[in-house]
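Here's a quick briefing for anyone meeting this structure for the first time. Take a look at the sequence and the fold, then read on.

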Amino acid sequence: MSKNKTRLLIAICLAAVALAVFLLIHGLSTENKSQDEPENPITVSLTITYPEDSKYANAIKSTVSDISVEDGSTVSDALQLYCSISNIPLSLDKKNGRIIGIEKIKNDDKDTFRVWRFKLNGELVDRSAKDTVLSDGDKIEFSYDIDEDAARKAGKDPAEIQKQISEAAAANKSSEDTDSADSKESTDSSSESSSSSSDTSNSSGSSN
């Protein structure tokens, strides 16, 4: 084989390799883009407000701005995306998309008749989250509320239930404040003891 043919073959092989690499990189870039960015995005915001008697009550999730979802997405889609990017545990019924729990706060609390509900642009929605299609600029607000109809059917007074919830929340907060004060007092005492020991040691050293 002549040198010219050899060089030509090498050039063809290098060109083929370069083309393959280019197509591979371009394909991966397109795939990542399609996974991360909706083709027809709309922007919505979503807030989750935790019940006052839960340990999450003092860490209410703020509205997240500029969540991009695909046009035609549902409230359920937005909630799943929100929880994914915010590292919030979310459990959904795979059959009907119904919320089972958010941050381990279960739906359908049998003692307080509370359920996860959502408002869309300030209006309470009766449809399921997976059946509610979003529009650009929508504001979604999830909260854990008493199902007053269910409570009354069970012979319970919703106002009395809310009173019990508020009392439990106040008791939890009081207990947390007491624990915090005890912890601070213990830390201060340890610091004072350490300082006193240091002063004694320094005094002994000076006497010697």
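Helices (H or I, at least four residues) and strands (E, at least two) are DSSP runs here, numbered from the N terminus. You're looking at a predicted model, in which local features need pLDDT of at least 70, side-chain atom pairs count only at pLDDT 80 or more, and totals for chains, interfaces and linings use all residues. Residues are numbered from 1 along each chain as its sequence is written, and side-chain values use heavy atoms, with hydrogens and water left out.

**The overall picture**

- The protein has 4 helices and 8 strands, and along the sequence they come in the pattern α-β-β-α-β-β-β-β-β-β-α-α.
- Of its 208 residues, 24% count as buried (buried means under 20% relative accessible area, exposed over 50%, and partly exposed in between, with a 1.4 Å probe and protein chains only).
- Take the contacts with a separation of 6 or more: 58% of them come from residues 24 or more positions apart (a contact means heavy atoms within 4.5 Å).

- Three strands, in the order 3-4-5, make up an open sheet with antiparallel pairing (two strands pair if DSSP finds at least two bridges between them).
- Strand 3 (90-92) and strand 5 (105-106) are the edge strands, each pairing on one side only.
- As background, strands of a sheet pair through backbone hydrogen bonds, either parallel or antiparallel.
- Strand 3 and strand 4 are antiparallel and share 3 bridges, with Leu 92 standing opposite Ile 99 in strand 4.
- The hairpin of strand 3 and strand 4 has 6 residues between the strands, and there Gly 97 takes a positive phi near 75 degrees.
- Strand 4 (residues 99-102) is joined to strand 5 by 2 bridges, again antiparallel, and Gly 101 sits opposite Lys 106 in strand 5.
- In the hairpin of strand 4 and strand 5, with 2 residues between the strands, Glu 103 takes a positive phi near 55 degrees.

- Helix 2 (residues 75-85) lies across strand 3 and strand 4, and runs at about 150 degrees to strand 3 (axes are lines fitted to C-alpha atoms, for helices over the stretch in contact, and angles run from 0 to 180 degrees between N-to-C directions).
- Leu 81 belongs to helix 2, and it is partly exposed because its relative accessible area is 31%.
- Setting aside neighbours within four places in sequence, Leu 81 is in contact with Ile 67, Ser 68 and Val 69; the C-alpha atoms of Leu 81 and Val 69 are 8.2 Å apart, though 12 residues separate them along the chain.
- Thr 74 is found in the loop between strand 2 (64-70) and helix 2. Is Thr 74 buried or exposed? Thr 74 has 10% relative accessibility, so it counts as buried.
- Beyond neighbours within four places in sequence, Thr 74 is in contact with Ala 129, Lys 130, Thr 132, Val 133 and Leu 134.

**Two loop residues with positive phi**

- Phe 113 lies in the loop between strand 5 and strand 6, where its phi is near 55 degrees, a positive value in a residue other than glycine. Phe 113 counts as buried because its relative accessible area is 18%.
- Asn 121 is in the loop between strand 6 and strand 7 (123-124), and it isn't a glycine either, yet its phi is positive at about 55 degrees. With 45% relative accessibility, Asn 121 counts as partly exposed.

**The largest pocket**

- How much space lies in the largest pocket? There is about 350 Å³ (grid points are joined across faces, edges and corners, and a volume is the space filled by probe spheres set on the points).
- A pocket here is an open set of points on a 1 Å grid over the protein atoms alone, where a 1.4 Å probe fits, with protein on both sides within 12 Å along at least five of seven lines; lining residues have an atom within 4 Å of a point.
- The lining has 18 residues, and Asn 107, Trp 116, Arg 117, Arg 127 and Ser 128 lie nearest the centre.
- Strand 6 (residues 114-120) gives the largest share of that lining, 4 residues.
- By type, the lining divides into 8 nonpolar, 4 polar and 6 charged residues (Ala, Val, Leu, Ile, Met, Phe, Trp, Tyr, Cys and Pro count as nonpolar, Asp, Glu, Lys and Arg as charged, and the others, Gly among them, as polar).
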